[in-house]
Amino acid sequence: MKKHLLILSVAVTALFLSSCQNDEFLPSSFKPILNIEQATDIARDQAMLHGNVDMNGNYVKLDFAFRFGTDKSMKDTIASIVQGDECYILVTSLKPETLYYYCLEGDNGRVVTRSDTATFVTLPNDRPQVGKIEALSRGPKSIIAGFDVTDDGGEAVTEAGCYVSKTANDNQRRVLAEPAASSEGKYQVRVYGLEGNAAYRLRPFAVTGVGETVGDVFEFSTSDAVETDSAGMLGLIIGDDKYDYTSLTVSGPMNGDDILLLRDMMGTDSEGGETKGKLAEIDMTDVRIVEGGSPYVYGWRRTENDKIGHSMFADCKKLTKIKLPDTVIEIGEDAFKDCISLSQIEIPASVTKLTPSEGCSALKDIVVSKSNTHYHSYGGVLYNADMTNLLWFPKAKTGDYVFPASLTSIGDYALQETKITHCTMPENLKEMGKNVFFKSEVEEVVLPDKLKTIPSATFQKCSRLKVVRLGKATEMLTAYVFDGCPLTDLYVTAKYPPVWSEEDFETSGEDIIKNCTLHVPKGSLRFYKSDRTWKQFYKIVGV
């Protein structure tokens, strides 16, 4: 009898152990314990949820997620980030000023376990936050101001602009931002018709469904200007004193007659002949160029609306600095041709089309309005908006120049007659036009590894060029690359000798083949010394 009872006891024990082994948790009283913690970083539309897990000796793999929602059913789920025993996740796209329920859940497809439920309330929408004003452009009686709405408070901005008032009193007017100039929280306000020689203040504002926020005061002063009420009247206002001006601020509409007078005041007549004028600096910020009046140059060039036309200020040799009208959309070909004293040009935000001018031998800086979306100035050099293409390099810029890393192409004659001495081209440069450095004063140039072809006459007539370093991908040198260069050291890092012809090293000056040391990769020395053309160099060394 005892033997039968023992057998029955063993069988029952085996059956119990078998059922335990098929259970998810061993034993069932040791299920993982999930704890929910207080939410943090609560904002209008997001919150960080926290929880922790005590596996309680259980090693069954679970996937953890937070359940949340605006009622106790918590229908939304989001997978949790797990670090050790801690679980957390940032929940976004929540509704402002709303009660949310949430819990932590563990699930392996067969067994689900949850923590207790907790709650949090998102913050309500708030008034917008407005940044400080920045003067983007200044005229004698106008200003273009820019500011940011740094936080919309969770509501769409319905109005933005500036309150304008004279500092001396509290009377103010409301000027709205221009819709076309507003994007991603950035706003521009154009304020015209101010009094000359007066102090003003601006205060930015933004309005949402919650309310209005007014920002800090920005103070500035206007200047005095020669103002025309209608085009063609500048001569009557200036009168017989036209040759006495060395600087001038002018505002109002201007046609061909007015431009003709300005040229005269700058020391140049309509044919490029010299006059008694000595006007050197002019501020035309508040001018609007309109069609009409006499031809301003060469007997047939006439003004067009909002354009600095072809050769408009050509041969104005006394001109040193000019601020162009804020309404100009185009600067035509050779608008400043042979303006040999012009040191700076300021490009307004409105310009969408521009052609460089030849002969500006004193030009050091091209300044572009921060609001211009078509062009960009980098170190005083003009590029397209994303700085992939070099458009205009001032000839009088001196010393070393570091090109932007974004540059991918340089056009024909882009650095012609420039005065920079050392130049390293960026690695992204893939294309160069012909005669890029023609007659420049450059002494050393480093070309990038991605540039495969050295175009024709790249360094022609560079009378100071001593050192050139070619990139690893160089495959070909074209005609007259080093014509007229006193080259002393040429570094070619390409493994295999690039292709070149006899014309490539033809020169009207130094004998490059005889006097220049060719530096090549040490492992490629034998390739260059046995190449039909490269072996002509008297000095070839491996580096």
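1. The side chain of Ser311 makes a polar contact with the side chain of His310, at 2.7 Å. A polar contact is a pair of N or O atoms within 3.5 Å; within protein, one must be able to donate a hydrogen and the other to accept it, and residues adjacent in sequence count only if both atoms are side-chain atoms. This is a predicted model: local features need pLDDT of at least 70, side-chain atom pairs count only at pLDDT 80 or more, and totals for chains, interfaces and linings use all residues. Residues are numbered from 1 along each chain as its sequence is written, and side-chain values use heavy atoms, with hydrogens and water left out.

2. Where is Ser311 placed? Ser311 lies in the loop between E22 and strand E23 (321-323). Strands here are DSSP runs (E, at least two residues), and helices are runs of H or I with at least four, numbered from the N terminus.

3. Ser311 counts as buried because its relative accessibility is 3%. Buried means under 20% relative accessible area, exposed over 50%, partly exposed in between (1.4 Å probe, protein chains only).

4. Leaving aside neighbours within four places in sequence, Ser311 contacts residues including Arg263, Tyr296 and Asp334. Contact means heavy atoms within 4.5 Å.

5. Strands E22, E24 and E26 form an open sheet in the order E22-E24-E26, with parallel pairing. Two strands pair if DSSP finds at least two bridges between them. The edge strands are E22 (307-308) and E26 (353-354). E24 (residues 330-331) is joined to E26 by 2 bridges. Glu330 has Lys353 as its bridge partner in E26.
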